[in-house]
Amino acid sequence: MNQRVSQGMPRVGFVSLGCPKATTDSEHILTRLRAEGYEISGSYDEADLVVVNTCGFIDAAVEESLDAIGEALAENGRVIVTGCLGARDDVVLAAHPQVLAVTGPHATEDVMHAVHKHLPKPHDPFVDLVPPQGVRLTPPHYAYLKISEGCNHRCTFCIIPSMRGDLVSRPIHEVMREAESLVEAGVREILVISQDTSAYGVDVKYRTGFWGGRPVKTQLLDLAKALGELGIWIRMHYVYPYPSVDDLIPLMAEGRILPYLDVPFQHASPRILKAMRRPANAENVLERVRKWRSICPDLTIRSTFITGFPGETEEDFDQLLEFLDEARLDRVGAFAYSPVEGAAANELPDPIPEDVREERRMRLMSFQEDISTQRLEARIGREMTVLVDDVDEDGALARSPGDAPEIDGLVIIPDADDLAPGDFVQVRITDCDVHDLYAERID
């Protein structure tokens, strides 16, 4: 036992894997740990135990999570596992039977129970303190805001509902209180996330709550309006293309929330969309995209697609490329289909060979590269406000309203080492490459 534990200051190491939704779960756990006086260790050898928040969405994520658990066991020896892979405790225990405990995703109370059992800590009123915004894993100037948990869809390639359950929307007053705490802590950008952001409030029949002394519905439009009053950037992620999303576009055109939508279309062939059980139709989507851009020409649309889904023919794939050619999406990510244990798609006929899945993924990304570059080139000469993420001796790395952190591009501003992360700055775009923009400051 190290010296800190003997002085009543137990230390917990933390490994966080997976998507932003898992990141917010990690932040909630870290907040509870700090609120109860546990110290957070940045190294295995100084920690009294380690919590590993896992991902289990695809096979590669499962392997990464199992490797992370194995590393924590080898370096520390005392490990608690949580997160999406934790919902499949048989997989975790088969690989690493010596872990202290296994919990599923969105299980802060279960994790804390395990921590209390294996690393109890006496109460200390001078140490058991935590800032009002909680403990966060993101830089100080931006944060993720999870508005719901779970999903009501049953897409055949996905096992998230079996791990995280059906949709459960957070009360709107609770969401807004967290958002206000983030702003008070200096956050300049909030990224709204969930499994299905468009469905916010469906499970509670859009119940009316109260914020700032006035009624506000538990509904995405009302939430977006309220968040838009906070005076910072508000960015929407994981938005299904429902008709209700149309109501957000005027808010973007008015500058109340960022003109940015992260919409996981996944495919464009009606036959494949049906096999995926996706709640969308390619023709309707194209018409909706045209309508959105007619209202808000500056709208940036990012999406993800799956290539090589079981039964996908060359004709189906060509339809996907035709959709991309017409939709002119700004940012696109693509994944070669990966069978996931427990997914309904595993039972579908006509599986596609792995090399064909990957070849189609590369072909799609090559096809989209020209479209994305043309969309960036159209910004050259324009003036815009950007948010600085990092600064070094060569200048500043910032993001435009059309760039989410970690997944999109950057705005590179040379000779701007007097700026700081979290600064908003006005720039003129001077050039671009395949992914990033280059800009000069406007005094």
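The model is a predicted one. Its chain is divided into domain 1 (11-118), domain 2 (142-378) and domain 3 (382-441). Between domain 1 and domain 3, the C-alpha centres lie 35 Å apart.

**Aromatic pairs**
- The count of aromatic pairs comes to eight.
- One of them joins phenylalanine 265 and phenylalanine 323 edge-to-face, with 5.7 Å centre to centre and 75 degrees between the planes.
- This pair links distant parts of the chain, 58 residues apart: phenylalanine 265 is in the loop between β13 (260-262) and α10, and phenylalanine 323 is in helix α12 (residues 314-327).
- Phenylalanine 265 counts as buried because its relative accessibility is 4%, and phenylalanine 323 counts as buried at 3%.
- Phenylalanine 309 and tyrosine 337 have ring centres 5.3 Å apart and planes at 75 degrees, so this pair is edge-to-face too.
- Here the partners are 28 residues apart, with phenylalanine 309 in the loop between β14 (300-307) and α12 and tyrosine 337 in the loop between β15 (331-336) and α13 (354-377).

**Charges over rings**
- Arginine 235 lies over the face of tyrosine 260, 4.6 Å from the ring centre.
- Arginine 399 lies over the face of tyrosine 142, at 5.4 Å from the ring centre.

**Positive phi outside glycine**
- Arginine 277 has a phi near 60 degrees; this residue lies in the loop between α10 (270-276) and α11 (282-295) and counts as exposed at 51% relative accessibility.
- Glutamate 406 has a phi of about 75 degrees; this residue is in the loop between β17 (395-399) and β18 (411-414) and counts as exposed at 71% relative accessibility.

Technical notes: Residues are numbered from 1 along each chain as its sequence is written. This is a predicted model: local features need pLDDT of at least 70, side-chain atom pairs count only at pLDDT 80 or more; totals for chains, interfaces and linings use all residues. Side-chain values use heavy atoms; hydrogens and water are left out. Helices (H or I, at least four residues) and strands (E, at least two) are DSSP runs, numbered from the N terminus. Buried means under 20% relative accessible area, exposed over 50%, partly exposed in between (1.4 Å probe, protein chains only). Domain bounds come from an automatic or database domain assignment. Rings of Phe, Tyr and Trp (its six-membered ring) pair if their centres lie within 6.5 Å; planes under 30 degrees apart count as stacked, over 60 as edge-to-face and the rest as tilted. A charge sits over a ring if NZ of Lys or CZ of Arg is within 6 Å of the ring centre and within 35 degrees of the ring normal.
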